[in-house]
Amino acid sequence: MKKLTTIALVALLAACSANKDLTPAQKEVLNSCAQQNFQCESSCENTNMRDNMANGVCMRQCIDQHNACKAQLGPEFIN
């Protein structure tokens, strides 16, 4: 799961730098969202959750928070 998080973070950062239509402020917001998501998912992984379902719920909450963060920029940023 940690590899998936890292890949998602790298992909997001690459997308941000590849899209020249984004303003510096938009890039900053997306970078902040990605960092918050990484910390959230790391927290889910570091918590000693014996129940895979509980871990899945935790990760889903991270995704929801990440999408809400990106929604500040507009619906086109939500995946």
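This is a predicted model: local features need pLDDT of at least 70, side-chain atom pairs count only at pLDDT 80 or more; totals for chains, interfaces and linings use all residues.

Trainee: How many helices and strands does the protein chain have?
Mentor: There are 3 helices and 0 strands; both are DSSP runs numbered from the N terminus, helices being H or I with at least four residues and strands E with at least two. Along the sequence the pattern reads α-α-α.

Trainee: What span should helix H3 have, and how far apart are its end C-alpha atoms?
Mentor: Helix H3 covers residues 52–70, and its 19 residues at 1.5 Å a residue should span 27 Å. The expected span is 1.5 Å times one less than the number of residues. The end C-alpha atoms are 27 Å apart, which agrees.

Trainee: On to burial: what share of the residues is buried?
Mentor: Of the 79 residues in the protein chain, 28% are buried, where buried means under 20% relative accessible area, with a 1.4 Å probe and protein chains only.

Trainee: Which residues of H3 are buried?
Mentor: They are Cys58, Met59, Cys62, His66, Asn67, Cys69 and Lys70.

Trainee: How many disulfides are there in the whole structure?
Mentor: A search finds 3, a disulfide being a pair of cysteine sulfur atoms within 2.5 Å. One joins Cys33 to Cys69, S to S 2.0 Å. That pair links distant parts of the chain, with Cys33 in helix H2 (residues 24–46) and Cys69 in helix H3, 36 residues apart. Both Cys33 and Cys69 are buried.

Trainee: And which residue is joined to Cys40?
Mentor: Cys40 is joined to Cys62, again with S to S 2.0 Å. Here Cys40 in helix H2 and Cys62 in helix H3 are 22 residues apart. Cys40 is buried at a relative accessible area of 18%, and Cys62 counts as buried at 1%.

Trainee: What about Cys44?
Mentor: Cys44 forms a disulfide with Cys58, S to S 1.9 Å. Cys44 lies in helix H2 and Cys58 in helix H3, so the pair ties together parts 14 residues apart in sequence.

Trainee: What is the pairing of the bonded cysteines in sequence order?
Mentor: Numbered that way, the pairing is 1-6, 2-5, 3-4.

Terms used:
Residues are numbered from 1 along each chain as its sequence is written. Side-chain values use heavy atoms; hydrogens and water are left out. Buried means under 20% relative accessible area, exposed over 50%, partly exposed in between (1.4 Å probe, protein chains only).
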